[in-house]
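Subject: A structure for you to look at

Hi there,

I am passing on a structure that you have not worked with before. Could you open it and keep it beside you while you read the rest of this email?

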Amino acid sequence: MPGFLWCPRGRVTMSPLPSDERRCMHKLWLREISWPLFVFFSSDIEISRAQSPKAVDVLAKEIGLLTDEIEIYGQTKAKVRLSLLERLKDQPDGKYVLVAGITPTPLGEGKSTVTVGLVQALTAHLNINSFACLRQPSQGPTFGVKGGAAGGGYAQVIPMEEFNLHLTGDIHAITAANNLLAAAIDARILHENTQSDKSLYNRLVPVVNGMRGFSPIQLARLRRLGISKTDPETLTEEEISRFVRLDIDPSTITWQRVVDTNDRFLRKITVGQANTEKGFVRQAQFDIAVASEIMAILALTTSLQDMKERLGKMVVANDQKGEPVTAEDLGVTGALAVLMKDAIKPTLMQTLEGTPVFVHAGPFANIAHGNSSVLADKIALKLVGENGFVVTEAGFGADIGMEKFFNIKCRASGLVPSVVVLVATVRALKMHGGGPNVTAGAPLKKEYTEENLQLVADGCCNLQKQIQITQLFGVPVVVALNVFKTDSPAEVDLVCKIAKESGAFDAVPCNHWSAGGRGAIKLAQAVEKAANQKNSFKYLYSLELPIVEKIRIIAQKVYGAQDIELSPVAQSQVDRYTRQGFGNLPICMAKTHLSLSHQPERKGVPTGFILPISEVRASIGAGFIYPLVGTMSTMPGLPTRPCFYDIDLDPITEQVKGLF
């Protein structure tokens, strides 16, 4: 029964009362506890561990899932089967809320905590059904600089160590699928270089038990070649040659191997140096796993069949005639789908206050589209019912994650957002106002810990610009000021005043990190009101425009660039994709998240700059063109002092220490 009220009141221990104490069927009643019970805990992981999560099968039942619609992983996680969408197809959707942010410091400004705090406020305190939809964190930042992505303080997903480490294995599945395809590319080139047409044919279509037959994926390739024959013995020599030879041009290979670790020494490598590879040596690279096109596909797909078709369309290189070579041509589509068959199912978890969360997909916003999955959003929108709220998050600033949410994800899903929550901090605004550099791992300078109204006022230019970017899409925006203990009341009031004067529907200070859902009640009320406002949602550009013009629109209208400049390599790639019929796809810019421009050191609202496009890739399976801005890297590196220095395991209790 979808759309029922599942919300408790107040902070909870997540242990349901006996059934005879419940007042109604399907209503989640949890034991309330007085607020500052956990005040003495100092770290996120201590706070998480002090709360006992409800068994996930209990949570699933309380939000309306049937027993055969979940696959349980341990005590606190479960995969949700896509059959749920068919059962609930006639259920009206709830309201759709996107959490974005201003241009962040390297420390992050708390979009995940705002997302969690907001749903805790809606459900645990205002009795409104809500669901948070979050991305799975990459191991790269978890062990690198930024740490995990479960939220923090009293607004986080629990157990946070399970959220941040491995989860249900989706990123591992993506890594396996991605690297299987990479291996298939190099192996196919090697075999074509060292075998005759006849030898290739005999190996690709072997005689088994006296019979020779094409596999279904080979029959599909024959049809694409215009060959209607189904008996392997009837192909001519010319047809055999066309069938067995992909003739991949090694210089055009765009498919890279991936690993979910920040490893700067894999940014440029040489493969094929062993004698067994017979001199086939080429330069290649590793990307971080969450930059894989397969991750982007997971986030944008709408069904298992859709995912399989997208995987097959992935372009990995061109042949010697300049035509695209796909995963389908390599015969690996079915195997990729098998590796991804469980990853396509969203993972159900819970917040510290017992409200439901879907964790699914994890693309970065600076080098991918930066949003959680369409499937998680669609399932959650059905479960909350018509008056409920689904809160999802876009990575980094609104100029990056939010722009891609609207122009790529909403196009894929057909969903229309009700309101945008724009997260800001006094710390980040001071940085944009001319404050000293903020460096991960280094103490904050006094400008950030003492009141400085002038720095705040000067830095609000970035907040104003991000509000303007949101308004380009016609969606109401509520500013959530994530309050730190060093923020003065005057600074908080000033930010909220400027935000409202700049076109925000409302601007609300939030204390969810220290007070949980209770600290985000005013934000929840503002979001509820804003979601009922007139919505004139629109895309930023038409897909029919040329690739270069779509890039220019994003650069000028969103980033504030004077113009764009394509390198000769980028221009030739654009020309090739246009010739190959890929010109009508949306754009997914790979750009630094630390500035509106391509230069991380330029804070505030840079103007007058020319945005350099160094390279343009095509993610055809995911369905977008992928320009790289400046020197943008798709493989992060470890800093001098990574987070892993603080992470440890207690061998007696088996408890993880040091995660944040």
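This is a predicted model: local features need pLDDT of at least 70, side-chain atom pairs count only at pLDDT 80 or more; totals for chains, interfaces and linings use all residues.

Residues are numbered from 1 along each chain as its sequence is written, and side-chain values use heavy atoms, with hydrogens and water left out. Helices (H or I, at least four residues) and strands (E, at least two) are DSSP runs, numbered from the N terminus.

Let me start with strand β19, residues 389-393. Five of its five residues are buried (under 20% relative accessible area, with exposed meaning over 50% and partly exposed in between, for a 1.4 Å probe and protein chains only), so the strand is largely enclosed by the rest of the structure. F389, V391 and E393 point one way from β19, while V390 and T392 point the other way. Strand β5 (residues 95-101) runs parallel to β19 and is joined to it by five bridges; two strands pair if DSSP finds at least two bridges between them. One of these links has V99 as the bridge partner of E393. Strand β6 (residues 130-134) is also parallel to β19, with four bridges, and here F131 stands opposite V390.

Next come two helices. Helix α8 (residues 197-204) packs against helix α10 (residues 237-244) at an angle of about 65°, and their axes are 9 Å apart. The two are therefore roughly perpendicular, a term that covers angles of 65 to 115 degrees. Where do they meet? D197, L200, Y201 and L204 in α8 meet I240, S241, F243 and V244 in α10. By class, that contact has six nonpolar, one polar and one charged residues.

Now for the single residues. G474 lies in the loop between α18 (453-471) and β21 (477-482) and is buried, with a relative accessible area of 13%. Leaving aside neighbours within four places in sequence, G474 is in contact (heavy atoms within 4.5 Å) with N535, S536, F537 and K538.

R617 is found in strand β24 (residues 610-619) and is buried too, at 10% relative accessible area.

Enjoy exploring!

Best wishes

Notes
Axes are lines fitted to C-alpha atoms, for helices over the stretch in contact, and angles run from 0 to 180 degrees between N-to-C directions. Angles under 35 degrees count as roughly parallel, over 145 as roughly antiparallel, 65 to 115 as roughly perpendicular and the rest as oblique. Ala, Val, Leu, Ile, Met, Phe, Trp, Tyr, Cys and Pro count as nonpolar, Asp, Glu, Lys and Arg as charged, and the others, Gly among them, as polar.
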